[in-house]
Amino acid sequence: MATIRLWFGRQNFCLLKKRSFLLLKLIAVVFAVLLFCEFLIYYVVIFRCNWPEVKTPAYDGKQETLDPVLKAMFLADTHLLGEVRGHWLDKLRREWQMERAFQTALWLLQPEVIFILGDIFDEGKWSSSQAWADDVKRFQKMFRHPQHVQLKVVAGNHDIGFHYQMNTYKIKRFEKVFNPERLFSWKGVNFVMVNSVALEGDSCNICSEAEAELIEISHKLNCSREEHRSSRCGDGPPLPASAPVLVQHFPLYRRSDANCSGEDAAPADERDIPFKERYDVLSREASQKLLWWLRPRLVLSGHTHSACEVLHGAGTPELSVPSFSWRNRNNPSFIMGSMTPTEYALAKCYLPFEHTVLTVYCGAAGFLVVLILVHLGLLGSPFVLGWKLLRKFKTT
């Protein structure tokens, strides 16, 4: 009797040991997959990105020091979901993706200034005061950054509404959170941040104020280009003598994305669809005014969620920055810019593809199912099956 009890005890112990071992393996696999997909993959992917080398002028015997290089990062269309359209799972998944991508890029690349090109929120155009405060709080948590890193944000149509939706209250609410300055200079590089939603050209009060502000900025930039300052330039400190970089949400006018290419351009079946002025892109008139007034050397914009490079007028380049969120793209990215007062170089940094993460999760789930079936004896060990197939192949 004692022998039988001992035998049953050993059997139960062995069974418990096998189950515990299986549980440990399952926990290890789940932990490893979660660690890779939710943390490590961002380091693996973004680690491959490097700041582009900016051209430096040839040494002429007079130049004592090279111009300092400013490291600027540009991203667009984060579209943080609000209380109306936002499903909790969608919020959790996509916001975690953006937070991890942003924080990893900060740690690995260490930019000095970051520009977000509008549509920070998805429902800012109609959100209540409380909903707006909640969305802002989430944004500040996700895009937290050290004090020495500048974060600059321009307004998009989802932040303050299209022209027919925006009003002074929404603009003031936005500018209370994000600095309203339109002209920003650092390391000799001038940036002009435009509220492109207000460039409707219909002489509304908000539009008139926006245009007047841009004309004043144009005056300051023109004064900075003069070798001998005229009396009309005033006595204040001049701006750096550098053609500005234009940063805005709406792209300058172009007919369509037909000439855009690349893996993150608009889908092929959408590229020939004509753009609607004042909705998809700025109007011809507003685009010409910006080019005439500001004479930028580079334009960066968002809104379309896809990448595109175009030349305007006398050769002014514009780069449309794709969306930063998985909600809008499978392959989100951001732009890295190395800039001096006279030169610049741009490079694109892709984030992890959403389908890559989903594939890893599906593969891990399949592996766990096989592991459980093998443990239950419902499926032979893959190693045993492989060995039998190999022996069968050798004997035939």
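Residues are numbered from 1 along each chain as its sequence is written, and side-chain values use heavy atoms, with hydrogens and water left out. Because the model is predicted, local features need pLDDT of at least 70 and side-chain atom pairs count only at pLDDT 80 or more, whereas totals for chains, interfaces and linings use all residues.

The secondary structure of the protein comes to 9 helices and 11 strands, where helices (H or I, at least four residues) and strands (E, at least two) are DSSP runs numbered from the N terminus. Of the 396 residues of the protein, 46% count as buried, a term that means under 20% relative accessible area, with exposed meaning over 50% and partly exposed lying in between (1.4 Å probe, protein chains only). Among the contacts in the protein with a separation of 6 or more, 74% are accounted for by residues 24 or more positions apart, contact meaning heavy atoms within 4.5 Å.

When a disulfide is taken as a pair of cysteine sulfur atoms within 2.5 Å, the count comes to 2 disulfides. One of these is formed by C49 and C349, whose sulfur atoms are 2.0 Å apart, and with 80° about the S-S bond this link is right-handed. The pair joins distant parts of the chain, since C49 lies in the loop between α1 (2-46) and β1 (70-75) while C349 lies in strand β11 (residues 344-350), 300 residues apart. Both C49 and C349 are buried.

A disulfide is also formed by C260 and C308, with their sulfur atoms 1.8 Å apart, and the link of C260 and C308, with -65° about the S-S bond, is left-handed. Here too distant parts of the chain are linked, C260 being in the loop between β6 (245-247) and α7 (284-294) and C308 in strand β8 (residues 308-312), 48 residues apart. C260 is buried, with a relative accessible area of 4%, and C308 is likewise buried, at 2%. Two further cysteines can be described in these terms: C37 is buried, with a relative accessible area of 0%, and C207 counts as buried at 2% relative accessibility.

Turning to helix packing, the axes of helix α3 (residues 129-142) and helix α5 (residues 168-177) come within 12 Å and cross at roughly 30°, axes being lines fitted to C-alpha atoms, for helices over the stretch in contact, and angles running from 0 to 180 degrees between N-to-C directions. Helix α3 is therefore roughly parallel to α5, given that angles under 35 degrees count as roughly parallel, over 145 as roughly antiparallel, 65 to 115 as roughly perpendicular and the rest as oblique. The contact is made by S129, W132, V136 and Q140 of α3 together with Y169, R173, F174 and V177 of α5. By class, this contact of α3 with α5 has 5 nonpolar, 2 polar and 1 charged residues, where Ala, Val, Leu, Ile, Met, Phe, Trp, Tyr, Cys and Pro count as nonpolar, Asp, Glu, Lys and Arg as charged, and the others, Gly among them, as polar.

Helix α3 also packs with helix α2 (residues 88-109), at an angle of about 40° and with their axes 9 Å apart, so that α2 is oblique to α3. In this contact K91, E95, M98, E99, F102 and Q103 in α2 meet R138, K141 and M142 in α3, and by class the contact of α2 with α3 has 3 nonpolar, 1 polar and 5 charged residues.
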